[in-house]
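New notebook page. I want to look up a few things here and jot down what turns up.

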Amino acid sequence: MAKVERIDQRVAQYLKNAGYEKWSRVHATVNRGRMMTSNIAKCINGCLVEARELPVIDFLEQTRMLFGSWNCKNREITSYTKHTLGRKFEDILVSNTIKCSRMKVVASSDYLYSVYELGIRYIVCLERKTCTCGRFQLDEIPCPHAIAVLKSKNITDLHPYCSDYYKPEALTNTYELPMVPMPDKKDWTAPKEILEEFVLPPIYKRMPGRPKKGRKKFASEKITSSTNSCGRCGHEGHNRKTCNFIPK
């Protein structure tokens, strides 16, 4: 927050008024994920550009086919997974292991330890899987202080201290249920009250110009622009005819 205040006081005040529990993982009332983005929604919208022009029933069928193929493909990939943890989380363990090389560990009991790093004391509880730095209980992966304690106890297998959500079994269970195909339209059994109901299309006013299919980019997204370069000298801003570059 001190860094935010040095950049912009208005942003710091806004974050304080909104409440730390709404945007900070440490103060959240639940254990939030490491990262929350809308990338999956953008990916789905990009794959359904042509399907969005279809009627509602045909659009839903195209969406079901897309999700069904993804689910089947991902389930097949998870069957080949042999790592105890995902690649990303294995890299985090390796990085935390490197950081714990110069830490001092002092035991208080069989599961409670004090870890000293650069003159700062951290308390690690292996029974509750917590550390006063906050990373152990938030990420549910052993932090550098917890790894230092485990190394002092000659424990080399760190995977039991990681969350089960990072293991292949959890990934396999994600795609366990298949997307059941819909029967043909002539085989549908709809109630009589549904068949008698007549649904009108929504009131839509066509805007002038060609409809846009691409999504609107946010101002924070980087917009790349291509600049022509000279074929003689390679510099940008001019072409071969207006080039004034004189080689030595």
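This is a predicted model: local features need pLDDT of at least 70, side-chain atom pairs count only at pLDDT 80 or more; totals for chains, interfaces and linings use all residues.

I started in a loop, with Asn154. Asn154 sits in the loop between α8 (144-152) and α9 (168-174); helices here are DSSP runs of H or I with at least four residues, strands are runs of E with at least two, and both are numbered from the N terminus. Its phi is positive, about 60°, although Asn154 is not a glycine. I also checked its surface: Asn154 counts as exposed because its relative accessibility is 69% (exposed is over 50% relative accessible area, buried under 20%, partly exposed in between, with a 1.4 Å probe and protein chains only).

Residues are numbered from 1 along each chain as its sequence is written, and side-chain values use heavy atoms, leaving out hydrogens and water.

Next I looked at Lys129, another loop residue, placed between β3 (120-125) and β4 (130-131). Lys129 is not a glycine either, yet its phi is positive, near 55°. Lys129 counts as partly exposed, since its relative accessibility is 33%.

Then I turned to helix α5. It covers residues 56-79, 24 residues in total, and I get 35 Å from first C-alpha to last, close to the 34 Å expected at 1.5 Å a residue (the expected span is 1.5 Å times one less than the number of residues). Which residues of α5 are buried? I found Thr63, Arg64, Leu66, Gly68, Asn71 and Thr78. The buried residues of α5 pack against α4 (39-47) and α9, with contact taken as heavy atoms within 4.5 Å.

Last, rings. How many aromatic pairs does a search of the whole structure find? It finds three. Rings of Phe, Tyr and Trp (its six-membered ring) pair if their centres lie within 6.5 Å; planes under 30 degrees apart are stacked, over 60 edge-to-face, the rest tilted. Tyr20 and Trp23 make one of these pairs, with centres 5.6 Å apart and planes at 45°, so I noted the pair as tilted. Both are in helix α3 (residues 20-23), three residues apart, so about one helical turn separates them. Tyr20 is partly exposed at 31%, and Trp23 is partly exposed at 37%.

I also wrote down Phe67 and Trp70: their ring centres are 6.1 Å apart and the planes are at 35°, so this pair is tilted. Phe67 and Trp70 both lie in α5, three residues apart, about one turn of the helix. Phe67 is partly exposed at 29% relative accessibility, and Trp70 is partly exposed at 28%.
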